[in-house]
Amino acid sequence: MKQLVIFDLDGTLLNTITDLADATNHALESFGFPTHPREIYPMLVGNGITRLIERALPEEHRDNSTIAKIRTAFMEYYSAHLTDFTVPYPGIPELLDELTSRGVKVAVASNKYQEAVATLITHFFPRIPWVAVEGQKEGVPTKPDPSIVFQILYQHPTPKSEVLYVGDSGVDMETARRACVDSVGVAWGFRPQTELEETHADHIITSPSELIPLLDIPR
């Protein structure tokens with residue numbers, strides 16, 4: 001029986017892609033770089049803000065100095081606009097309520113910077129008793145490195161056999177594999193279902209309610 005569910009944030013709990021796209025385009029435009037259609041951003045995100053900026057910049061301008069100044073402009077804009085268009089995916093609030101009502105613990109593991117993760121979780125899910133809310137922090141490697149999962153397990157010790165890791169991308173499935181916990185790929189997120197299949201998700205679900213039977217929790 002699973003006792004702890006660790007969720008990715010972007011593309012799993014929240015549809016954040018429009019706000020991420022707008023913040024990136026704002027930062028690019030501020031320094032005279034070309035912007036991108038919102039539609040391509042699902043394939044640019046997933047490995048943290050630095051990698052997002054790197055992918056969005058023209059290849060010849062992906063030096064550390066340029067990435068750093070675009071990242072700063074991104075964070076200034078995004079921190080002020082991160083709830084403009086972002087919404088929970090349908091069924092996510094109900095899923096979180098169901099899990100917590102059954103005594104299952106929930107946590108967040110995101111490659112988004114910590115301040116933004118904390119703000120979004122507080123804004124959209126203020127009633128949920130998260131045991132850990134972990135975003136990207138200085139000195140801690142981003143997913144698929146499993147360090148963020150280990151941080152959560154340090155805060156809320158749980159046997160790995162009783163943990164599910166839920167995410168929408170190959171990065172998430174690799175994170176779960178490296179952490180030696182069961183993975184659940186969600187087909188409603190930013191990446192195609194084929195990516196989840198190719199990265200060997202233990203389970204793939206198409207709606208939040210399908211997670212409940214995977215927990216083996218009696219009603």
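These are my notebook entries on a predicted model of one protein chain.

**Overall build**

I began with the whole chain. I counted eight helices and eight strands in the protein chain. Next I looked up its extent. Along the principal axes, the C-alpha atoms fill a box of roughly 55 × 30 × 30 Å. I then checked the radius of gyration, which is 17 Å. A compact globule of 219 residues would have a value near 17 Å, so the chain agrees with that expectation.

I also looked at burial. Of the 219 residues, 48% count as buried. Then I turned to contacts between residues at least 6 apart in sequence. Of these, 67% join residues at least 24 apart.

**The sheet**

In what order do the strands of the open sheet lie? I read S5-S4-S1-S6-S7-S8, six strands with parallel pairing. I noted strand S5 (132-136) and strand S8 (203-205) as the edges. Each of these two pairs on one side only. From one strand to the next, the twist averages 20 degrees.

Strand S7 covers residues 182-186, and three bridges join it to S8. The two strands run parallel. Which residue in S8 is the bridge partner of Val-184? I found His-203 there.

**Aromatic rings**

I went on to the rings and found three aromatic pairs in the structure. One of them is Phe-74 with Tyr-78, a stacked pair. Their centres are 5.3 Å apart, with 15 degrees between the planes. Both residues belong to helix H3 (residues 64-81). They sit four residues apart, about one turn of the helix.

I then looked up Phe-125 and Trp-130, which form an edge-to-face pair. Here I noted 6.1 Å centre to centre and 65 degrees between the planes. Phe-125 is buried at 5% relative accessible area. Trp-130 has 15% relative accessibility; buried means under 20%, so Trp-130 counts as buried.

**A charge over a ring**

My last entry is on Arg-38. Over the face of which residue does Arg-38 lie? I found Phe-85, with Arg-38 at 5.4 Å from the ring centre.

Definitions and conventions: Residues numbered from 1 in each chain as written. Predicted model: local features only at pLDDT ≥ 70, side-chain atom pairs only at ≥ 80, totals over all residues. Heavy atoms only, no water. Pairing = 2+ DSSP bridges. Axes fitted to C-alpha atoms, helices over the stretch in contact; angles between N-to-C directions. Phe/Tyr/Trp six-rings, centres within 6.5 Å; stacked < 30°, edge-to-face > 60°. Buried < 20%, exposed > 50% of the residue type's maximum accessible area, 1.4 Å probe, protein only. Lys NZ or Arg CZ within 6 Å of the ring centre and 35° of its normal. Rg over C-alpha atoms; globule rule 2.2 N^0.38 Å. Contact = heavy atoms within 4.5 Å.
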